[in-house]
Amino acid sequence: MTGFGRAEQAVGDKVFLAEVKSLNGKQFDLRIIIPPLLKPFEFDIRNILQEKLVRGSVECIIYIKQNGSAPPVTINKELAKAYYKPIAELSQELNLNPGDILSALLKLPDVVTPSNTILTDEEWKGFEQVLLSAVNELKKHRTDEGKSLQEDLSLRIKNILSGAEQIAALEPSRQRRIREGLIKTLEDNVGKENYDTNRLEQELIYYIEKIDITEEQVRLKNHCNYFKTILSEKDEGKGKKLSFIMQEIGREINTTGSKAYDADIQKKVVSMKDELEKAKEQVLNVL
C-alpha cells in the first residue's frame, strides 16, 4: 500500500499541483489539504481517492498557482473602517506616525481577501485529470511493491509446505517411538507378563488415533494451496482474504505442534511458525 504520486498541469490561468502519498493501513484513512478554491469539490476529491486507492493511510496535498496575472482580491471597506477608529486613537495617544495606519489595516484579518471566484467546469475537469495522474503514479509504485510482496509471500508458503512434507516423512517413526515408549513404560512399571496384550493393542490404537496429525496436515496443505490461488489472482482487495487464510494456516500449525509429542516435529513446527509470522507482516502491506 506504500506509494507516492505527483502531477502538475496548467489549466487556463491556473496551475494545479497534486501530491498523494500512501502508507500501510487496515482501513482507508485520508488526510487532505486543499486551497479554498477547491473546498466546494472536497467531497468529490475524497470519493475519487477512496475509490482508486481502497485502503491505506493516505495524505493528499493540493496547490493552485496563479499563472500570469495576480488573482483578484476584495477589500472589506466596512471592516477596515471599524478597525481604523481604535487604531487611530491609539496612534494619537502614542504619538505614532499616522501614515503607517493604512499598511497596518491591510494586514489585519479578513480586510483583504481573495475574490469569491469559483472553478469553471473546464478547470475542474483539468484538475480532475491532474489528481488522477498523481493517483495512477502512486498505484504504479504500489504495483512494483506488490510484485516483491508476491514473491516473498510465495516463498513463505513454499517453506511452510516444505515443513509439512518433512513432518509427513517423520510421522511413521513418531508413531513407532510413541508405541515403543508406552510399551516400555508399562513393562517397567507392571512387568512384561502382567498385562493383557490385546487390551494394550486396543488402547494403543485409540491413543495413536487421538494424537494423529494427518487431518491437520491435509487441511494445512489445502489452506496453503488456496492462499497461493488467491495470491495469483489479479483482483484488488485480497489482503483481508489472505489474512483470514493465514489464520487458518496458523491454527493447523498450532494443532500439529500440540499433538505431536515429538522433538523433531516440534522443531519443524517452530520453523513453520516463523515463516507464518513473516508472511503475516507482509500481508499487512497487501490491499
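How do H4 and H7 run relative to each other, roughly parallel or roughly antiparallel? This is a predicted model, where local features need pLDDT of at least 70, side-chain atom pairs count only at pLDDT 80 or more, and totals for chains, interfaces and linings use all residues. Residues are numbered from 1 along each chain as its sequence is written, and side-chain values use heavy atoms, without hydrogens or water.

**Stop 1: H4 and H7.** Select residues 121-189 (H4) and 239-260 (H7). Helices are DSSP runs (H or I, at least four residues), numbered from the N terminus. The two axes come within 12 Å and cross at roughly 25°. H4 and H7 are therefore roughly parallel (angles under 35 degrees; over 145 is roughly antiparallel). Axes are lines fitted to C-alpha atoms over the stretch in contact, and angles run from 0 to 180 degrees between N-to-C directions.

Now show the contact (heavy atoms within 4.5 Å). From H4, pick residues including Leu-153, Ile-160 and Arg-174.

**Stop 2: along H4.** Go to Glu-171. H4 bends there by about 40°, and Pro-172 follows within four residues. The bend is the angle between axes fitted to the seven residues ending there and the seven starting there. Just after H4, click Gly-191, which takes a positive phi of about 105°.

**Stop 3: H7 and H8.** The contact includes Leu-242, Gly-250 and Gly-257 of H7 and Val-269, Leu-276 and Val-283 of H8.

Note on methods. Helices (H or I, at least four residues) and strands (E, at least two) are DSSP runs, numbered from the N terminus. Angles under 35 degrees count as roughly parallel, over 145 as roughly antiparallel, 65 to 115 as roughly perpendicular and the rest as oblique.
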